[in-house]
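Here is a short briefing to read alongside the model. Take a look at the sequence and structure, and then we can walk through the main points together.

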Amino acid sequence: MNVIASGLRTPIVLLTWGVVLGYFCITNRIASYLHPSFHALTWVSAAVLILLAVATALLPEKSCTHDDCHHHHGGGWLSTLVLIVPLIAATTLSPSEFGIAAVQNRGTVQDMSQLPAFVPRADDGRAKIQLVDLLYATAEPSMREDFENRNIEIVGQFLPARTGNPDGDRFEIVRMFVMCCAADARPVSVAVQSDRPADFPAMTWLKVTGRATFPFENGRRTALVVADSVTEVEAPAETFIY
Amino acid sequence: MGSSWFTFNLGDFSYAFLSVLLEGVPFLILGTLLSGLIDEFLPSRLMLRFLPRSRFWGVCAGAGLGLIFPMCECGIVPVIRRLIGKGLPISHAMAYMLAAPIVNPLVAVSTFAAFRGQGAVEFTILRLSLGYAVAVAVSLAISGLPMARILRPRLIASLGETHDHDGPHALPVRRRLTSAMHSGVRDFLDVLLYFILGVAIASVFSTAVNQKIILPFASNDWLAVATMMGLAGILALCSTSDAFIAATFVAFPAAAKLAFLVFGPMMDLKLIFIYSSVFRKRFVLGLAAGLFVLIGLICVRLASTGL
């Protein structure tokens, strides 16, 4: 009985990981965790792990009979639990986005000098722009001409303004700028000025429509959206910007 | 909330923890499947025949292997474990393990992209060169140490068991593939255990510690370099994306960012755990300290030249 149970530990761990990875792919929850270039790898990994689980269950490793065997035949049940429980617990507990504590601990990027260098993009005539485009426009005159005083619509998460808010009519709107995965996510934010008080819980998803402006403040050019309307919205399917 | 230096939130922790697991596991699978195939299909004598006979040139070749066989820091450990088992000298394997996550084409491209407009060509060349030089220096330094002080006893004991299945008594390919699968799966579960523990600790620090506390250290070269290396150790980022994070620390001198980009792929919280699946704990801690001092001194010297 013990031999059967210990022989099942490896397939159980592999199957658990394969199913969890597959779950993230099938439900597209993966989009909240990884850059799109990693999604295919996750699909393949899920399939490989499930295949390995089946193969190791059908073709179990033969037990060594020699006394001086130094092969490692997998850990005991404790290591099996360590391999499975944190994964399942994190899958259950993770809100699939960072809260205000992580955003504030990482500090928001409000200056394009802290972002990878600007890469010109084709003009596809979109009215919806990414928040990061406004930061690039602070340093790129041609982009600034495109956006300045134009009506724009941006989607991001609410963050109360902590500095640069003398009249109390500003807040920040933040998005996560990602290169590989959420672990390297950098919060990027621009200031929003609104006549109506914005009293949302921190990290609420908002759609802001208004005018893009680029005033000089504290000796540097900044991006400021003068809002016509601020409305609460559902989180977008892709919460990151790349 | 944001003013405190440490603010733990279970949701943030779980999110960061999962994202690194999801990103890293495919590379662990790749590395361990490769390790299984090496175990079963790479004859020791073939590998040793192609190795330079001189220790110095062998280490130099190992440190440059990432240009041909690029591997990330997570996937490389099971591979070098198997290569050591096959008889590859530890110094050669160490050179490959330390250098490959930096000296490879993907990292060159990502570093160049991240530092565009900030001397990208020079910075990329500096990063790859320093990574290579440090890997060679450290590997040569440990080449005189006895194996028992470096490797885990279990691995030393298993060295004699490595067997080649080629030649006239070769097993059928199907049985060898099954055996390779079992070797790979064993390695995967072994390394995954350490990976989970390392990622868990790194995720606590990367989400709970307020990164603004390091900003006052940016104005002093010694403190800036040490701080950025400490940060690299805590954040435990993938070497293909870390340049984009380093580039955002505009307050820090370039030499401190370089230290971040060379130290991080060689040693961080998750790697301390992953390395412990192959090396003795005392050796891993010594390696961490040695890398910290060596890279730190070089980067402080570079900072004094105006970098």
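Into which domains is chain A divided? They are domain 1, covering 2–93, and domain 2, covering 100–241. Please keep in mind that this is a predicted model. The notes below go from the domains to the chains, then to salt bridges and a pocket.

**Between the domains of chain A**

- Domain 1 of chain A gives 7 residues to the contact, and domain 2 of chain A gives 9 residues.
- About 600 Å² is buried between domain 1 and domain 2 of chain A, with 55% of it on carbon and sulfur atoms.
- On the domain 1 side, Ala31(A), Ser32(A) and His35(A) supply 54% of the area that domain 1 of chain A buries against domain 2 of chain A, more than any other three residues.
- The count of salt bridges between domain 1 of chain A and domain 2 of chain A is 0.

**Between chain A and chain B**

- The size of an interface is often given as the accessible area lost when the parts come together.
- For chain A and chain B, the area buried between them is about 5,300 Å², and 71% of it is on carbon and sulfur atoms.
- This contact draws 62 residues from chain A and 59 residues from chain B.
- Between chain A and chain B, the salt bridge count is 0.

**Salt bridges**

- Over all chains, the structure holds 10 salt bridges.
- One of them pairs Asp39(B) with Arg82(B), whose closest N and O atoms are 3.7 Å apart.
- Asp39(B) lies in helix 1 (residues 10–41) of chain B and Arg82(B) in helix 4 (residues 76–85) of chain B, so this pair ties together parts that are 43 residues apart in sequence.

**The second largest pocket**

- If you are looking for a pocket to inspect, the second largest pocket has a volume of about 800 Å³.
- It is lined by 32 residues, of which Thr108(A), Val109(A), Gln110(A), Thr163(A) and Arg220(A) are the closest to its centre.
- Strand 2 (170–177) and strand 3 (186–193) of chain A are the elements that give two or more residues to the lining of the second largest pocket.
- Strand 3 of chain A gives the most to this lining, with 4 residues.
- Sorted by class, the lining of the second largest pocket has 12 nonpolar, 11 polar and 9 charged residues.

Key
Residues numbered from 1 in each chain as written. Chains lettered and ligands numbered in written order. Predicted model: local features only at pLDDT ≥ 70, side-chain atom pairs only at ≥ 80, totals over all residues. Heavy atoms only, no water. 1 Å grid on protein atoms, 1.4 Å probe; cavity = no way out; pocket = protein on both sides within 12 Å on 5 of 7 lines; lining within 4 Å. Points joined across faces, edges and corners; volume = space filled by probe spheres on them. Nonpolar A, V, L, I, M, F, W, Y, C, P; charged D, E, K, R; others polar. Domains from an automatic or database assignment. Contact = heavy atoms within 4.5 Å. Buried area = accessible area lost by both parts, 1.4 Å probe. Salt bridge = Lys/Arg side-chain N within 4 Å of Asp/Glu carboxyl O.
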